[in-house]
Amino acid sequence: MRDLRRDYNERAVLRGVTFELDPGRTLVVIGPNGAGKSTLLRILATLLRPSGGEVEVLGAELPARAWAARGRIGYLGHEPLLYRELTVRENLEFNARLHGVDDAERRMSELLDRAGLARRATEPVRNLSAGMLQRAAICRTLLHGPELLLLDEPRTHLDLGATAVVDELLGPAEGRARVIVTHDLEGGLADADSALALRAAGDVAYVGAASVLSPGDARAILEGRL
Amino acid sequence: MSFRAPRILPVLAVVFLTVGFGLVFFWTPNDADQGFIQKIFYLHVPIATCALIGFIVAAVQAILHLRSGDPKWDVRAYVSIHISVIFGVAALVTGAIWAKASWGAWWVWDEPTLVSFLIVFLLYCTYYPLRYAIEDRERQARYASVFAVMAGAFVPLNFIAVRLAETLIHPRVFATSEGGLPPKMLFTFLVCFAGMALLWQTLCSFELAAKSSRAKLSRLRRALEGDDVAVAGSRIAPVPTEARG
Amino acid sequence: MSPFRAILAKDLRTELRTLESVPAMALFSATTFVLFRFGLDRDSLEGSLAAGVLLATVLFAAILAINRVFVTEREQGGFDAIRLAPVDATSLYLAKVCVLMLYLAAFELIAVPVFAIFFLDTAGGLPALAGVLLLADLGLAAIGALVSSIAVNSRARDLIAPLLLLPLLVPVMIGAAGAAEPLLLADGPSYEGFGKWIAVLALYDVVFCLVGYAVYDFLLED
């Protein structure tokens, strides 16, 4: 993986957002509701085109060379991106074929095992509880061994036990960069190498090392005081 | 991007149309079969042809929009379709008058050109609800261009299909002036056609200039009064923007 | 071609499981035929009236399927999942054209025999009619996949699709009706003008498959 650089600015939702992230590092994105955190992730995932500025993901400029980054990104948004009528396994098979995953069978079994979904894998997705659904979505995100993980509040709907499982699945790994949107300030900041705090207007309140930003300051940003 | 109001174009359009209609009334002979009423031909056919060519022009502009991603082509395609739809209304009205006068009915279903034109017209009328149904401006522009390309390909195919359909059932009863116009008629027709094409282009240019200055005005207002000022204008007409970068 | 096959297989599997499209189309056509039977008050139909009844029913049944063909992609994140993968947008378009073709063909396997039982005295024209319908299906599918993709991303999905489809499909209907009319004559099929109509349908299919192939990329971006 090459060095990862993203500058981005847009007038309306996000403006003047500039940051860089090296391979293997983690960036946590915090900000109040409507600050454009999810928009930022969707842009990085090549799902939304930037309206201005320069964005480079995995060495590919967006939107011009988005195809070069596709298939190397694992995106976990608010929607699980799974078909409700298909089983968990069929959904994973579908995504594996889209991504051209080589040893799909082994990889799927391993992920389902680790996510604790092996027994539910043959059930249609519509029967799953919200927490199970989130785990299935995480399996989909990781299936093709992405070099960049984009996680939008990965712990939603998860109980304590599941959180541990998920943290292990989505945790730091060799050569895998992560961008995490979270509302859990303490946990999020402790996890991350760098932090990006957005204001409600979509501009940057803080960008830099996560260790410098105290949870208190972060809270102040969220509440619009800083 | 900004569009300026044309100066010479309107003058040319007026000159050509005046000369054209002067020729129609004082120089060109009456048609042997249809008499005086046939003279509406010099109004009706140029209008209809310009409308159809305008749709094709819009398709080309839409292709340029999709290829370049430059919103100015979307504005151009929108204006072309808009003016052509207005020309389409005029063509249908003049066509109906002609039909009433020469065939005794306001509308004749077995005249293939009329029917094809009506279908094309109806298709382009859906351009407005389509734009209206998509809120995101950028996506609206892109989808509108895809529509304009599809519809542009549709225009000739539709004429082929309808013409075939009609000749199978009814041999062409109304042998109009086809099969060689007399030279005087042809010359007059060409002058009228050129005038109408110039009028089409003039109207497009004025519409573009109006859009462009309206957009400039609202930008200035926003600069003066802050971001909160509501932007005037319709939700479906594309807004010309300044070139970025 | 693997993404193409994956999407196609996924759609067919979902359809087999939910039985959402084809049975609804078949039911719709049966009801429509009953309506025509009562409305026209005739024991049998032939020629242009028969072709009109059959093709109008096919057209409106097709709109049912076209309206639905992208709904799962939109509502269950299929568009996003596909765009996250290194997949050409045209694979999606071609897969959906095939899905619609298969739905329409399956539907016609049910609807045409019902139509023949209800209205026709002779079945001699049916083999050639099948060919005409297949060509018409390709046109319906090529246009349908494009329009459906536009409509599903707009606010008034159920309104926009038929509004755009009906005028765009006029040439398909004219071509198919023109070819079907002599096939459905009471005293056996005639092939007068058949080649000309087939040529119109084929030309339409080719042009709109190419247009769809060329512009589909732009419908998938966001």
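Tutor: Two strands pair if DSSP finds at least two bridges between them. The model under discussion is predicted.

Student: What is the order of the six strands in the open sheet of chain A?

Tutor: E3(A), residues 26-30, runs parallel to E9(A), the two being joined by four bridges, with A:Ile30 partnered by A:Ala197. The pairing in the sheet as a whole is mixed. Strand E6 (73-76) and E10 of chain A pair on one side only and are the edge strands.

Student: What angle does the direction of helix H1 of chain A make with that of E8(A)?

Tutor: Helix H1 (residues 37-44) of chain A packs on the sheet and touches E3, E7, E8 and E9 of chain A. Its direction and that of E8(A) make an angle of about 150°.

Student: Which helix supplies the largest share of the side of chain B that touches chain C?

Tutor: In this interface, 26 residues of chain B contact 27 residues of chain C. Helices H4 (112-125), H5 (127-132) and H6 (137-169) of chain B each supply at least two residues of the chain B side. That side comprises 21 nonpolar, two polar and three charged residues. The largest share, 16 residues, comes from H6(B).

Terms used: Residues are numbered from 1 along each chain as its sequence is written. Chains are lettered from A and ligands numbered from 1 in the order in which they are written. This is a predicted model: local features need pLDDT of at least 70, side-chain atom pairs count only at pLDDT 80 or more; totals for chains, interfaces and linings use all residues. Two residues are in contact if their C-beta atoms, placed from the backbone, lie within 7 Å. Ala, Val, Leu, Ile, Met, Phe, Trp, Tyr, Cys and Pro count as nonpolar, Asp, Glu, Lys and Arg as charged, and the others, Gly among them, as polar. Axes are lines fitted to C-alpha atoms, for helices over the stretch in contact, and angles run from 0 to 180 degrees between N-to-C directions.
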